[in-house]
Amino acid sequence: MPASEIAAGVRAGRFTASAVVEAHLTRIAAVNPSVNAVTVTLDARARSCAAALDDRIASGHEAGPLGGVPITVKENIDLTWSATTSGLPFAAGAVPAANATFVDRLLAAGAIPVGRGNMPDIGLRWDTDNDLFGRTINPWDPARVPGGSSGGDAVAVATGMAAAGIGNDYGGSLRLPAHAAGIVALRPSAGRVAGPSRIVEPLPMSLQQMAVNGPLARSVDDLDLLFGVMHGADDGDPLSVTVPHLSEYNGIRRAAVTVDPAGWGVDPVVAGAVRSAADALAAAGWEVEEVSPPAVDRCATLWRQLSSTENAPMLLTPGVFPGPLSEGTVRYFRDNIAGVELLDTSAAYQGAWAERFVHAAAWRAFHARYPVVVGPVTTQAMPPIGYDLSGPAAATELWRSHRLLVTANFLGLPAVAVPTGVAELPGAAEMSGVAAPAGTAAAAGTAGPGGRRPLGVQVIAGLNGEHVALAAARDIEAAFPAVTPINPS
């Protein structure tokens with residue numbers, strides 16, 4: 001059941017929160033050993049929370065808008081029920097003193113955490129693997145990555161271990177794993193949801209402007225429901241804002257469709273998925289025009305330069321980071337910055353942020369004419385395991401394929417990933433001629449043997465236009481049958 005239906009059933013007394021939680025814990029026990037998406041099962045606390053909710057309902061109290069809904073919470077979001085590890089072995093005992101503000105809001109609304117979602121250490125890869133918990137498996141194709149960094153939560157939701165997941169998105173980390181899993185995700189506008197912790201500490205500017213927290217689910221209505229609970233300012237987060245939450249959109253229904261953002265190339269199957277989504281919007285009454293949004297090439301390039309420049313001193317200078325990172329994360333980051341012109345002078349760094357203002361203005365003007373932009377989540381199929389560690393050329397190719405993803409991050413815009421069915425895709429041990437690393441399944445010829453894989457698009461709206469993106473995503477979703485929950489391959 002979707003989260004909204006679970007909550008309605010608990011409110012109406014058709015079933016208890018305890019029964020719902022028990023069913024999901026049973027599902028975790030059956031499925032998680034094969035996908036390793038849930039790092040910690042919160043069984044005792046979840047059962048206690050569900051029983052307390054049932055008692056409140058029996059006493060005549062309200063269940064809450066999310067009453068009885070089982071959720072997962074990503075490993076880098078503060079939940080006092082377990083450590084906030086960010087996938088780091090040295091943080092295995094770091095139990096927070098307080099919940100993130102939006103976690104408290106979810107709990108107050110009746111949501112029940114049943115597990116923690118896996119992630120790459122500190123969320124730095126478009127894959128989900130770390131030295132503390134190991135690798136999360138793509139339930140559609142075990143030879144391909146599940147995306148990252150909110151990969152554990154995406155797989156948990158896709159396989160029915162939770163009705164919803166809570167993650168974050170600095171460079172596509174909600175939308176990419178949701179796309180790989182065949183579910184939906186909302187990247188809110190910058191500031192609409194408060195930070196993942198109540199601890200106040202210095203943050204790089206790119207994290208301040210580009211990273212957000214948001215929901216993953218199996219229906220667009222569930223995203224709307226969850227976001228309606230999560231959003232709003234927190235006195236401890238100076239960047240957070242309260243903007244009225246709207247669930248209806250009555251404005252101009254016009255969409256810009258970009259099949260090949262920046263003209264850097266797109267897989268024909270991906271292009272077909274984007275055009276199918278455009279057809280769905282047109283059938284639902286939207287005016288649809290295939291037109292390129294402004295300066296995706298520069299926005300994506302500046303995102304990469306700023307994020308790499310700010311992370312390099314922390315990750316590559318001995319003694320700066322408080323503990324060791326996994327070999328894979330360090331290797332990926334070194335390969336990534338090998339292909340980046342770092343902004344290593346004050347003038348270059350200031351110039352990049354100054355240029356952001358110009359592109360944000362251009363996108364605002366574009367959104368005035370086209371309230372939504374519909375395009376690929378990624379322009380290529382999900383790569384085989386190990387591809388991102390196969391050298392600087394592969395790291396660059398991944399960034400190029402995710403260019404529209406990171407453009408939304410760079411500009412702080414809201415975006416929804418929504419599936420558009422599945423396709424029979426051929427196997428692929430390579431992307432654009434970049435060979436997979438020796439010793440991996442891809443190099444051995446066993447990665448990506450073909451099979452069913454989810455397709456999808458993302459819908460990008462203007463700042464604080466979550467309701468606009470969700471409205472378009474609903475119309476796309478309505479044209480395609482749901483592809484999850486699924487049993488792992």
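Trainee: Why does Met-382 count as buried?
Mentor: This is a predicted model, and in it Met-382 has 9% relative accessibility. Buried means under 20%, so Met-382 counts as buried.

Trainee: Where does Met-382 lie, and what does Met-382 touch?
Mentor: Met-382 lies in the loop between strand E9 (372-375) and H13. Leaving out residues up to four places away in sequence, Met-382 touches Arg-144, Val-145, Pro-146, Gly-147, Leu-176, His-179 and Ala-180. Trp-126 is 256 residues away along the chain, yet its C-alpha atom and that of Met-382 are separated by 9.9 Å.

Trainee: Which core includes Met-382?
Mentor: A second, separate core of 39 residues, which also includes Tyr-387, Ala-408 and Ala-415. In the largest nonpolar core, with 76 residues, Phe-102, Leu-106 and Val-374 touch the most other members.

Trainee: What does Phe-102 touch?
Mentor: Not counting residues up to four places away in sequence, its contacts are Ile-77, Ile-166, Val-193, Ala-194, Gly-195, Pro-196, Asn-213 and Met-230. Phe-102 is also one of the buried residues of helix H4 (residues 101-108), along with Thr-101, Val-103 and Leu-106. Those buried residues of H4 pack against strands E2 (70-74), E4 (164-169) and E6 (212-217) and helix H8 (220-230).

Trainee: What makes Ser-326 buried?
Mentor: Do the check again: its relative accessible area is 5%, and the cut-off is under 20%, so Ser-326 is buried. Ser-326 sits in the loop between H10 and helix H11 (327-338). Aside from neighbours within four places in sequence, Ser-326 is in contact with Asp-121 and Asp-131.

Trainee: Which residues make the contact?
Mentor: From H10, Ala-300, Thr-301, Trp-303 and Arg-304; from H13, Ala-395, Thr-396 and Trp-399.

Trainee: How many residues of each class does the contact of H10 with H13 have?
Mentor: Four nonpolar, two polar and one charged.

Key: Residues numbered from 1 in each chain as written. Predicted model: local features only at pLDDT ≥ 70, side-chain atom pairs only at ≥ 80, totals over all residues. Heavy atoms only, no water. Contact = heavy atoms within 4.5 Å. Helix = DSSP H or I, 4+ residues; strand = E, 2+ residues; numbered from the N terminus. Nonpolar A, V, L, I, M, F, W, Y, C, P; charged D, E, K, R; others polar. Core = buried A, V, L, I, M, F, W, Y, C linked by side-chain atoms within 4.5 Å. Buried < 20%, exposed > 50% of the residue type's maximum accessible area, 1.4 Å probe, protein only.
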